[in-house]
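Here is a short briefing on contacts between parts of a protein. Look over the sequence and the structure first, then read on.

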Amino acid sequence: MAVTPCWYFDKKELRITPSSLDGIDYDTELRYRKDGARFIQDTGTKMDLGYNTMATGVVYFHRFYMFHSFRNFPRYVTASCCLFLAGKVEETPKKCKDIIKAAKGFLTDAKFATFGDDPKEEVMTLERILLQTIKFDLQVEHPYYFLLKYAKCLKGDKQKLQKMVQMAWTFVNDSLCTTLCLQWEPEVIAVALMYLAGKLSKFEVMDWTGRTPKHLRWWDMFIEDVTMDLLEDICHQVLDLYSQPQTNPMPDSPPLPPAPQIQHASVRAAITHSENTRSPIATIVQGAPIPTVSMIGKTVGKNDSKLVSTNGELSKMIVDPLKPPPLEPPSMFVHAPPHHHSYPPPSFSQPPPSGPPPTTGTLYPVYPPPPQGAPYGSSRPPSYYPSNI
Amino acid sequence: MMPNSSISSMINPVPGGFYKMNTKEKEKYIEEFDFPFCDEASKYEKITKIGQGTFGEVFKAKDRKNPAKIVAMKKVLMDNEKEGFPITALREIKILQLLKHENVVNLIEICRTRATLDNKYRSTFYLVFDFCEHDLAGLLSNVNVKFSLGEIKRVIQQLLNGLYYIHSNKILHRDMKAANVLITKNGILKLADFGLARAFSQCKNGQVNRYTNRVVTLWYRPPELLLGDRNYGPPVDLWGAGCIMAEMWTRSPIMQGNTEPQQLALISQLCGSITPETWPGVESLELYNKIELARGQKRKVKDRLKPYVKNPYACDLLDKLLVLDPQKRCDADAALNHDFFWSEPMPCDLSKMLAQHTQSMFEFTMQSRRQGVLRQVNTPWIAYFFNRKTAVHEGLTFYRLDLRSD
Ligand SMILES: Nc1ncnc2c1ncn2[C@@H]1O[C@H](COP(=O)(O)OP(=O)(O)OP(=O)(O)O)[C@@H](O)[C@H]1O
Ligand SMILES: [Mg+2]
């Protein structure tokens, strides 16, 4: 029998990909991966595909390029193919020609030229290669599911919890632009990004359903042996997306979303501990609000001594008790690019979350909640977020 | 396992700074790429063709490296596919990968043929399964094969076990019939053919599922499907299990309708008229008012099966499976707890009996089908129904209705 694949790679392995062997440097590969993931999310959104379908497509995409080079397979063709296959697998099939049509709308003529003379044929041929490459491992799980599952167990202020989940949901969307799905199981990513969202939205989990004396933290109930270092590493990989250099974008690169550069610094401060060698203030831009201790302090020190910053600069930055807390927490997502929208789908394999519509806060991208049970239509403005917590 | 790096040096730039292999290069690349997770079908040597399904051909084959290892290879038909790899095959693969159980056929792997000029660089794919020596249809059509009561119990128990497992995993089989029930030479039953299977969800907050009702071979199709229900669930498979169970004694399918209305007529003759009294809610099914249903029929499941099925427990279980109202139909769990399986003679091993029939039943049935020696319609059971010309004729009155307008 063929080799059993392991779809998780360590960081070293992620640097010796076919693309890197093909002379594509690591940062460029990461950018290509991000481009592909965004493109899948954009195209999928335009076609009313659900978040699961899009996420499945993105995972196929990342896996594909662990075996083939970006030089041999242009990323937008692969991305379209991944979305096409994911649509079928997730029981939300779309016609190949419609996907290509939607895809074309997001691409310059030069980029679309990579689809060749017969774009549909191109995608069909690639589908066979894709299937063989991913070993027909069609079913993939995503952090969304675990996010909702875990959130159900957390006790505390409902509204804050809701806000935290919404924020974590956005982080999960964005995490697809990274190689995290090639590094960690969706459970771990869900925990890490809930942890990050908890810090940012000041939702401290004090108690949870199913707690036993053995559980130090809520996630001990669900996953074992995750260190704080690991969780923070995952958070940083997502946060890196918001601080990527805007300089010298490649000519074929889509404009990056406005980088909310300051906010991520505060986010980092929220989760950075002393051993972290990153300099969280290095990216602070002028005039940006300085996060205050009121935001950080709460999350630091109580039961997590590791989070207490002993870094001088960092402390200076965050310890400013006189400064009033910003009226609005970091607005890092207010200018979220359109690809941040993903919608719970009406899908058989993954029933949409049920329950009251989300009480949307004002701090994060706010989209009108979908009318309960309304048909999923394209005319509606993007609805958002899970609601059954 | 990594692509041949010389290929990348031949890459041509296309406008916009993109690189792209030309057709030749791509063909070469595909031909040479050694997909680490997808072996070539040539690792198996075909022995004989054992089936021709709607979905594709099935071959018996042996592993060249380990000739003792016999497999069944089911070809994925892609010729008429406008939308690439068929969604039905994807479903079957996804479901088979999920289902790992003693009573579900085991998918070993998916193999490919190498892409070459000959196949226009389009690989063919095969689903490779552990080989099962017998199928239940073949065994039942072979008069030399005799099941004792204990052996019948073991067959049905395993069938229900498999159903219990797949239903717990939220999968509907949707194509229950004797031909899709395989049995190994060791007497282990395997549910096969998940080509029509799909995941189901309990409908929530008033949302209604809209599954296709054009599933399940007509003879095993439950009344709710025949009446156009699109929000069905596990009971559809238990109806099929009931039909198969009865067939263990009758030796051929118990209700062999030619059309959907006729099938409904046969069902009414056995299970009684379909009315809102016996089946609350039936009136809201799409076709209930569009089809003229037989009226005044009494339920005669036990009476009619008694001549074949002497064991009262067996009759009672059949009576609980062949229930019109899907909500009242027995589920797999309840069926497994039925006294039928917990009374003497207890279920017993099949391997000894099967050892007497070494000729693979596929070969037997294939050969017999070719020679036309198999009884199909002339079984006593069927005669029993078809002799009642008038009853069937009543069923024929609504043939003219076009039910195919989906
Ligand atoms: N694992 C196996 N071992 C032995 N024979 C098998 C196996 N799988 C399938 N077969 C044979 O091949 C036949 C067709 O296989 P299967 O039912 O999976 O395909 P299908 O194309 O969906 O068939 P159909 O549409 O006629 O039901 C089976 O009825 C059986 O005779
Ligand atoms: Mg079959």
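Which side chain meets that of Asp35(A) in a salt bridge? The partner is Arg31(A), at 3.8 Å from N to O. This is a predicted model, in which local features need pLDDT of at least 70 and side-chain atom pairs count only at pLDDT 80 or more, while totals for chains, interfaces and linings use all residues. Residues are numbered from 1 along each chain as its sequence is written, chains are lettered from A and ligands numbered from 1 in the order in which they are written, and side-chain values use heavy atoms, with hydrogens and water left out.

- A salt bridge is a side-chain nitrogen of Lys or Arg within 4 Å of a carboxyl oxygen of Asp or Glu.
- Side chains of opposite charge can pair when their charged atoms come close.
- The structure holds 31 salt bridges over all chains.
- Asp35(A) and Arg31(A) both sit in helix H2 (residues 26-46) of chain A. They are four residues apart, about one turn of the helix.
- Helices (H or I, at least four residues) and strands (E, at least two) are DSSP runs, numbered from the N terminus.
- Asp35(A) is buried, at 4% relative accessible area. Arg31(A) is buried too, at 14%.
- Buried means under 20% relative accessible area, exposed over 50%, and partly exposed in between (1.4 Å probe, protein chains only).

**A bridge between chains**

- Glu91(A) and Arg91(B) meet through their side chains in a salt bridge of 2.7 Å, N to O.
- This pair crosses between chains. Glu91(A) is in the loop between helix H4 (75-89) and helix H5 (96-104) of chain A, and Arg91(B) is in helix H3 of chain B.
- Glu91(A) counts as buried, with 16% relative accessibility. Arg91(B) also counts as buried, with 15%.

**Lys74(B) and its partners**

- Lys74(B) forms a salt bridge with Glu92(B), with the closest N and O atoms 3.1 Å apart.
- Lys74(B) lies in strand S5 (residues 70-75) and Glu92(B) in helix H3 of chain B, so the pair ties together parts that are 18 residues apart in sequence.
- Lys74(B) is buried at 9% relative accessibility. Glu92(B) is buried at 1%.
- Lys74(B) also forms a salt bridge with Asp193(B), where the closest N and O atoms are 3.5 Å apart.

**Two domains in chain B**

- Chain B is divided into domain 1 (22-130) and domain 2 (134-390). These bounds come from an automatic or database domain assignment.
- The contact (heavy atoms within 4.5 Å) takes 17 residues from domain 1 of chain B and 23 residues from domain 2 of chain B.
- Between them, the two domains of chain B bury about 1,700 Å², 63% of it on carbon and sulfur atoms. Buried area is the accessible area (1.4 Å probe) that two parts lose on being put together, summed over both.
- Ile50(B), Ile95(B) and Asn103(B) lose the most area on the domain 1 side, together 31% of what that side buries.
- The rule finds one salt bridge across this interface of domain 1 and domain 2 of chain B.
- Strand S3 (44-52) and helix H3 (87-98) of chain B each supply at least two residues of the domain 1 side that touches domain 2. H3(B) gives the most, with six residues.
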